[in-house]
Amino acid sequence: MVLGTYKEAISARATDKAIQKVSQDGGIVTALLSYALDEKIIEGAVVAGPGDKAFKPEPLVALTSDEIISAAGTKYTFSPNVWALKNAVRQYGLEKVGTVAIPCQLQGIRKTQSYPFATRFLADKISLIVGIFCMENFPYASLETFISEKMKSSLDLTEKMDIGMGKFITTTQDDELSIPLKETHGYEQAGCNICKDYTAELSDVSTGSVGSPNGWSTVLTRTDTGASLFSQAVEAGIIETKSMDDVKPGLGLLEKLSNSKKSSADKEITKRVDMGLPVPF
Amino acid sequence: MSEKIVISPTSRQEGHAELVMEVDDEGIVTKGRYLSITPVRGLEKMVTGKAAETAPVLCQRICGVCPVPHTLASVEALDDSLNIEIPEAAKLLRELTLCASNVNSHAIHHFLIATDFVPENLFAAAVDSVSEIRKVSQYVVDMVAGEGIHPSDVRVGGMASNISELARKKLYARLKALVPKVNAHVDLMEGLILDKDLPKGLGAIDQPVFASDKIYGNRDFFDFDRFTEVMPESWYGDEEIGKKACSTIPLYDGINVEAGPRARAAKFGGFTGKGVVAQHLTRAQEMKTYLSRAIEILDELNTSAPTLADYDLRGTSKLGVGAIEAPRGLDIHLAQVGNDGKTEFYSALVPTTWNIPTMGPATEGFHHEFGPHVIRAYDPCLSCATHVMVVDDEDKSVVKNEMVRL
């Protein structure tokens, strides 16, 4: 299945204006983790919190909704959240941990749950994983380089980053800059080129902007945990929804992008195998 | 006519050892010898010449039963050699780790001696309560020291990090809830040990007690000048046994000593009992002592206080002493760090090593059937106690004994 196993696809956004203001799209990750925390479904969450440098996130063990909201918004460089899971269950003492993860991190986390080497008494305490759609991820130096050299701007001037309509877009105080996405090719992490997962197929519930209109997110509920959390949040009025059939561009675009990630990864995998290089799949 | 009874390996203890008893016509032990037959670990040599922070990481792997005391003794020795004064919160977290680990270890011992004392109808209950106590106490070590078995967060200079306020409250609540369970468990074990009707005076010896502190350990106690070490060949008075034994014989003031729960109770609690029953009772009582100290620490711990000191890894070759009261007795690590930050010298004088020369003679004067009881009362753990390597396999002699020379 091109979108992995899922129960329901739906377009949604957080109703809380405070979340809408800081979120990338529909604020679903922030809303779900905060709601899970408030409802004691989790005791805390490992999120991509603000770091010392602009747009360089640091894993944060968030114990309050405010801390979760401080981590809202997409970061296009890596936040090693998996690394902080151990801190969360050890020094922080969490026994029900939530986290947000991109597909490659999810593969790692799910693997620790199957083979808990060096993650003794950790894997069983991960109660909720919200996945985010991800085509690719940039090393911090890559972002610095193409924002400076191709977009003639800097990370310090940047207020928001986005990818949409085939473009990489940054917003500064008084301008919106963009370059075609193909200009960023070659700057992504090498592993992204062989990753076949676009929609965070191993998550409990995954979300991303693709398929839904501006300010909304597409949500795929995948596990019982994810589905029941999502429907509770909707019932509680934390999240409002629209049917995917009623929104543009709709699920078709998501399927198209997911397919294209899988097929280009297959090509790259074949190429690497032919060269005698190791691939993890 | 004297006969020789050999139990090899002795059972329900950690590691491998041999008990050789010479008995008279009535089966009464006239000469008891207890020796380690566990192969050498060699960690002291392994850490020499490496960066000082390597020592606790490797030395905790000396054994899976006492990784916590070994890590603590190792960092304490390095702190001392580098003249580091660790933050107050780190001291508390280290002591908390030890208290929890020792409760766990004593509980394991109750599992090992269960078949000696626990009747069939109570067996499941006793084992269940051992499991429950271990689960909670190891949970504390997990959270405070990073890992239950080989703790990652006990560091030279303190502890890697403090625990969160949530963790502190959680641990406090869990340990409070554990109090009645530990009390009931201790009552059960004490009752069963007293009911057993072991011969009066079994295992009683007059050796000096060797203990540095009631709970944590105190490096000031250990006086290097009073310590000597002899080779097994000269100690056992039996050539065959001398060659087979894998541990050196440590002496304090020239004589062998007793370390462990009874030694601590005698020195710091005015306890006067001796022998097998006394050792079991003091060990059981210690579970309560450790638990109440752990709760006290969690009560006073400031979770926002720093836990790691700033320090310079370049040493002055000072001989640092780390002294930790491990479950089975005083665990001493000695370390010297040079000005290049590397370990120049390392030695571990571990709990059961102190007891080995004392345990054999403690079997004397009673029927040999009680021999294993006497041994198990010391809860021996041989893994870390081995320091001699047989170099010449032909005649089994310890050719290279500079390995153990200080």
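1. In this predicted model, helix H3 of chain B passes helix H4 of chain B in a left-handed crossing. The two helices, H3(B) covering residues 67-81 and H4(B) covering residues 88-112, pack at an angle of about 155°, and their axes are 9 Å apart. Since angles over 145 degrees count as roughly antiparallel, H3(B) and H4(B) are therefore roughly antiparallel to each other.

2. On the H3(B) side, this contact is made by Val68(B), Pro69(B) and Leu72(B), which meet Arg94(B), Thr97(B), Leu98(B) and Ser101(B) in H4(B). Sorted by class, the residues of the contact between H3(B) and H4(B) come to four nonpolar, two polar and one charged.

3. H4(B) also packs against H6(B), with axes that come within 8 Å and cross at roughly 155°. H4(B) and H6(B) are therefore roughly antiparallel to each other, and H4(B) passes H6(B) in a left-handed crossing.

4. The residues that H4(B) brings to H6(B) include Leu93(B), Leu96(B), Thr97(B), Ala100(B), Ser101(B) and Val103(B), and among their counterparts in H6(B) are Val127(B), Val130(B), Ile133(B), Arg134(B) and Val140(B). By class, the contact of H4(B) with H6(B) holds 14 nonpolar, six polar and one charged residues.

5. Helix H6 of chain B (residues 120-145) packs in turn with helix H7 of chain B (residues 165-195), at an angle of about 155° and with the axes 10 Å apart. That angle makes H6(B) roughly antiparallel to H7(B), and the crossing of H6(B) and H7(B) is left-handed.

6. In this pairing, Ala126(B), Ser129(B), Glu132(B), Ile133(B), Val136(B), Tyr139(B), Val140(B) and Met143(B) of H6(B) meet Ala167(B), Leu171(B), Arg174(B), Leu178(B), Lys181(B), Val182(B), His185(B) and Leu188(B) of H7(B). The class count for the contact of H6(B) with H7(B) is eleven nonpolar, two polar and three charged residues.

7. As for chain B as a whole, its secondary structure comes to 13 helices and ten strands. A compact globule of 406 residues would have a radius of gyration near 22 Å, and the 21 Å of chain B agrees with that. Taken along the principal axes, the C-alpha atoms of chain B fill a box of roughly 70 × 55 × 35 Å.

8. Chain A has eight helices and eleven strands. Its radius of gyration is 18 Å, close to the 19 Å that the globule rule gives for 281 residues, so chain A is as compact as a globular protein of that length. The C-alpha trace of chain A spans about 50 × 45 × 40 Å along its principal axes.

9. Chain A is divided into domain 1, made of 8-135 + 195-274, and domain 2, made of 138-187. The contact between these domains takes seven residues from domain 1 of chain A and nine residues from domain 2 of chain A. On the side of domain 1 that touches domain 2, the residues divide into three nonpolar, three polar and one charged. The C-alpha centres of domain 1 and domain 2 of chain A lie 23 Å apart.

10. Between the chains, the contact takes six residues from chain A and nine residues from chain B. The side of chain A that touches chain B divides into three nonpolar, two polar and one charged residues.

11. Some details of the backbone deserve a check by eye, because most residues other than glycine have a negative phi, and most peptide bonds are trans. In chain A, the peptide bond from Lys248(A) to Pro249(A) is cis, with omega near -5°, and Pro249(A) is found in the loop between strand E11 (239-243) and helix H8 (251-274). In chain B, a cis peptide bond joins Ser8(B) and Pro9(B), with omega about -5°, and Pro9(B) is found in the loop between strand E1 (3-7) and strand E2 (17-23).

12. Ala200(A), a residue other than glycine, has a positive phi, near 55°. Ala200(A) is found in the loop between strand E8 (176-180) and strand E9 (205-208) of chain A.

Key:
Residues are numbered from 1 along each chain as its sequence is written. Chains are lettered from A and ligands numbered from 1 in the order in which they are written. This is a predicted model: local features need pLDDT of at least 70, side-chain atom pairs count only at pLDDT 80 or more; totals for chains, interfaces and linings use all residues. Two residues are in contact if their C-beta atoms, placed from the backbone, lie within 7 Å. Ala, Val, Leu, Ile, Met, Phe, Trp, Tyr, Cys and Pro count as nonpolar, Asp, Glu, Lys and Arg as charged, and the others, Gly among them, as polar. Domain bounds come from an automatic or database domain assignment. Axes are lines fitted to C-alpha atoms, for helices over the stretch in contact, and angles run from 0 to 180 degrees between N-to-C directions. Helices (H or I, at least four residues) and strands (E, at least two) are DSSP runs, numbered from the N terminus. Angles under 35 degrees count as roughly parallel, over 145 as roughly antiparallel, 65 to 115 as roughly perpendicular and the rest as oblique. A crossing is left-handed if the near helix is turned anticlockwise from the far one by less than a right angle, and right-handed if clockwise. The radius of gyration is taken over C-alpha atoms; the globule rule is 2.2 Å times the number of residues to the power 0.38.
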